[in-house]
4 protein chains.
Amino acid sequence: MTEFPTQIGTSTEDSIQLLGNDLAQDLLGKISFGELAFWLVARRRPTEAELRVFEAVLVALTDHGFTPTAIAARMTLYSAPESLQGAIAAGLLGAGSRFLGVTEDTATFLAEGLDGAGATASWSQADWDELAVRVVTKSLTEHRRIPGLGHPVHKIADPRTEVLIGLSRDNGTHGPHLALLQAIGRVHPGLLDRTLPINGAGAAGAALADLGLPTRMLRGFAILARTAGLLGHLAEEQETPVAPAIYRLVDRNAVYTGVDTDTGE
Amino acid sequence: MTEFPTQIGTSTEDSIQLLGNDLAQDLLGKISFGELAFWLVARRRPTEAELRVFEAVLVALTDHGFTPTAIAARMTLYSAPESLQGAIAAGLLGAGSRFLGVTEDTATFLAEGLDGAGATASWSQADWDELAVRVVTKSLTEHRRIPGLGHPVHKIADPRTEVLIGLSRDNGTHGPHLALLQAIGRVHPGLLDRTLPINGAGAAGAALADLGLPTRMLRGFAILARTAGLLGHLAEEQETPVAPAIYRLVDRNAVYTGVDTDTGE
Amino acid sequence: MTEFPTQIGTSTEDSIQLLGNDLAQDLLGKISFGELAFWLVARRRPTEAELRVFEAVLVALTDHGFTPTAIAARMTLYSAPESLQGAIAAGLLGAGSRFLGVTEDTATFLAEGLDGAGATASWSQADWDELAVRVVTKSLTEHRRIPGLGHPVHKIADPRTEVLIGLSRDNGTHGPHLALLQAIGRVHPGLLDRTLPINGAGAAGAALADLGLPTRMLRGFAILARTAGLLGHLAEEQETPVAPAIYRLVDRNAVYTGVDTDTGE
Amino acid sequence: MTEFPTQIGTSTEDSIQLLGNDLAQDLLGKISFGELAFWLVARRRPTEAELRVFEAVLVALTDHGFTPTAIAARMTLYSAPESLQGAIAAGLLGAGSRFLGVTEDTATFLAEGLDGAGATASWSQADWDELAVRVVTKSLTEHRRIPGLGHPVHKIADPRTEVLIGLSRDNGTHGPHLALLQAIGRVHPGLLDRTLPINGAGAAGAALADLGLPTRMLRGFAILARTAGLLGHLAEEQETPVAPAIYRLVDRNAVYTGVDTDTGE
């Protein structure tokens, strides 16, 4: 018979095991929800210092006002008010390359840049800048965008970036991903034709990667954070809806450009 | 011009406002992710005692092993490994009446039972039991299921229930919803033909309702918790997949019963 | 060993069976996609007359311009352009009670009204009107909305309604559901305080129910039709996007009403 | 004021315009659902010959038995039976690279191979084979998979492939994409270390591309077809469910390998 192994959890008639612990006796009331989320993905419990940085990153990624994902979730609640899960799912489905993928893309980009570079804890700022120049130059040659740089609203500085870097430093989790990202922030103006801020989503990705979390799951933390943000939007939509007004606005300003394109036989 | 009011958040070029606070200066590193989730929905900051109960409820609802929602998420990651958001959304779409809706359904049921009952903090256990008898009897008459009772695995007692009740009591948040649910737990064996445990999802719903959170958003907290659980499942699936084996098992044991049903002209 | 029975389909190394037929030899090039969709759900092949009505109903339900579901799909494609399936899923998740559920809700409502009424093919218009009066009166007493009546845009008459009724009549599929719906259309002005048109989604639901399709799957046909409509919207969005403009419009007209609601300790 | 242009459709109080036609008068009962789907995406009406090939492709892609997407949809219906749209969306979210993306990936691959190759209608089989050798060799050099080749079940020949090619030829829509795919089918055994069949999804993609449909929307047609397949699965699941048995099987054969991984302070 096929067996299905899992390290996550299981239940017996009188207990629930989660990650090697008794859920009711060992975890309820003893760990925060954020700590459990870290543990489930990393398959190890975070230190207190790591947890502080991790919770800060989640808080940083939770909400950004009327994003396309928030609008999609609100429109869906308007259409199907009885299905809160559908509205949340619709919002999360926008967690793709353009809006919510930056966190993971930045971490992946930095990990590739660090791969084989031989960076150590004793590297000087000049060492990091040298690596950053190589990484940025390579991207330019390959016509690839550098994730983590630039923001449509925060054109000079994303207010989250410095705070996340500071928290990582204060808690001793600042590592090579953030170091390389900061170096890219220093060297890119001389290589590109403009100066861009390090955005908060990118700093968040680097901070999570420095916590040792797996790169390909980082988008997942952005999604977890955004789920809380969407709950806020949908609670507000239930009380003071804006979706009907958005719908009317779009519908009334639709300009129909259809023409008879009949080319059939 | 139409305006779109929101209390949640907004951005300017150099700051992000969230719930009346400066995200970077006032919130990052200063509140937990769980606290922010509470705040976003309740539109008020929880007390420390409320937050302890709230985080415990989220932890209680996070994961239950290979549930149908976890299986759906893993099958979807197998089909579309490049779209983590799609796998999470597929898992959350199972947050309906049967598996994840119990939390909200129980709270709604209890709120209806409390409506007009005139319960006060000075009610004795006998008072609560009397109300519970009325509520259970009414459900029986209307052939409605009593949500919050019974569990497919924990047939005697759900290990989370007593712990959540205890935490609510210790933190001073124990209120009428939990009181009525416990009374239903006491009186139902005499009215139904069997004794059922109060399940953890139901206790979670009552505990959240006693925190003053809006009933129709409670399913949302179960969804938030389950998002973290799904992250755990999907991180594990990326490393040690079980979806291919589930697929093969189902496909190989499929018995095709199709017959030529052609009745067309 | 558990077996998983299915009538739908199965594959062997050199053939694919679908609904009791060889897919490649018997179906490809020989039936339309609409016919296959009917067959899969009804588990019987439609007659040519039934198929004409069925395809017309799908065409009637395909698109309505910039609906909330189309807007949600377009916003999601904007956020995650690499995941077309996510954008379609987001759009379909709005297929709930308010926008796409009318088809199924109307059929369910009519089926309840017909249940036990003893309607026969020989009923006169007066018989139908008498039943309709009972059904509408019962709804009024129970404060239930009558699905299938009224439309936000087509306030006098929904142009699809008469055509669908005519097609059902011409093809011999007109039955009790459409008869009752038309009678409701005749009698309701004397019972409600206003005259409402029979909407196209309601007529579509009645027409499908008269084809003998299972009531609880009718929403599914609205979803299938809308999938094609969403493909049209998303193809257009890929070429001439409107989502960025909708996003900017909402974001720029957001009015932040957040206040410091800190009540924590 | 921002305007939102669209060619798809619009409504006035007494008419619905779709693609430059009056929906009720010009389309209902006069075109098939498949024809409307083609028209919406291509923004032109197909010829009768094109439509025959297009409908055959949709039929070919509709269902494959208990695929991961069908399992995900059924598990979701089991968890949330009240939300048919959620179950369909969950199923469609598996329309990614591994299971439903082959159609689009093959067309994209072929289009890249054709780009700049100067193929004309007068090319001989030897010309096509020469191009196919270049295309396959380039893929091997770049360690890229060749989409459209190979199938987990149909190891010798996918029964749909020859029929789709024949229909394209008979209807005069056979063009360079199918020609190149067939040439790849002929030359690859000498370049790879094995002989693989051209799969039906790949042939479908090539046939759609030869109809002039936009490459980046081809996944959408696979999704539309699969929506009908999922309706069949969910109608069957409502009557004779298999999801509970799948769930029990997985749950009972779960092997918990969790260990105390506590490394926290």
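Here are some questions and answers about how the chains of this predicted model meet.

Q: How do you know that chain C and chain A meet through the same surface?
A: Compare the residues on each side: 100% of the interface residues of chain C are also interface residues in chain A, so the copies meet through the same surface.

Q: What rotation superposes chain B on chain A, and which residue of chain B comes closest to the axis?
A: The rotation is 180 degrees, with 0.0 Å of shift along its axis and an RMSD of 0.0 Å. B:Ala89 comes closest to that axis, its C-alpha lying at 2.3 Å. Here too the same surface serves both copies, as 100% of the contact residues of chain B recur in chain A.

Q: What makes A:Arg43 and B:Glu236 a salt bridge?
A: The N to O distance between their side chains is 3.6 Å. The rule asks for a side-chain nitrogen of Lys or Arg within 4 Å of a carboxyl oxygen of Asp or Glu, so this pair qualifies. Across the interface of chain B and chain A, the rule finds 2 salt bridges. The same interface has 15 residue pairs in polar contact, both residues at pLDDT 80 or more. On the side of chain B that touches chain A, helix α11 (residues 218-239) gives the most, with 17 residues. That side divides into 47 nonpolar, 23 polar and 14 charged residues.

Q: How many residues are in contact between chain B and chain A, and how much area do these chains bury?
A: There are 84 residues of chain B in contact with 84 residues of chain A. Between them the two chains bury about 6,900 Å², with 72% of it on carbon and sulfur atoms. The residues of chain B that lose the most area to chain A are B:Phe33, B:Val59 and B:Gln85, together 11% of what that side buries.

Q: What does the interface of chain C and chain A bury, and which residues of chain C supply the area?
A: About 2,600 Å² is buried between chain C and chain A, 70% of it on carbon and sulfur atoms. C:Phe66, C:Ser79 and C:Leu93 supply 21% of the area that chain C buries here, more than any other three residues. In contacts, 30 residues of chain C meet 30 residues of chain A. Helix α4 of chain C gives the most to its side, with 8 residues. That side of chain C divides into 18 nonpolar, 8 polar and 4 charged residues.

Q: How do you know where the predictor's confidence in chain A is lowest and highest, by element?
A: Look at the mean pLDDT: strand β2 (residues 9-12) of chain A is lowest at 88, and helix α3 (residues 48-61) of chain A is highest at 98. Chain A as a whole has a mean pLDDT of 94, and 97% of its residues reach 70 or more. Over residues 260-265 of chain A, pLDDT stays under 50. The model scores ipTM 0.94 and pTM 0.95.

Note on methods
Residues numbered from 1 in each chain as written. Chains lettered and ligands numbered in written order. Heavy atoms only, no water. Contact = heavy atoms within 4.5 Å. Buried area = accessible area lost by both parts, 1.4 Å probe. Polar contact = N/O pair within 3.5 Å; in protein donor to acceptor, adjacent residues only side chain to side chain. Helix = DSSP H or I, 4+ residues; strand = E, 2+ residues; numbered from the N terminus. Nonpolar A, V, L, I, M, F, W, Y, C, P; charged D, E, K, R; others polar. pLDDT = per-residue confidence, 0-100. Least-squares fit on C-alpha atoms with pLDDT ≥ 70 in both.
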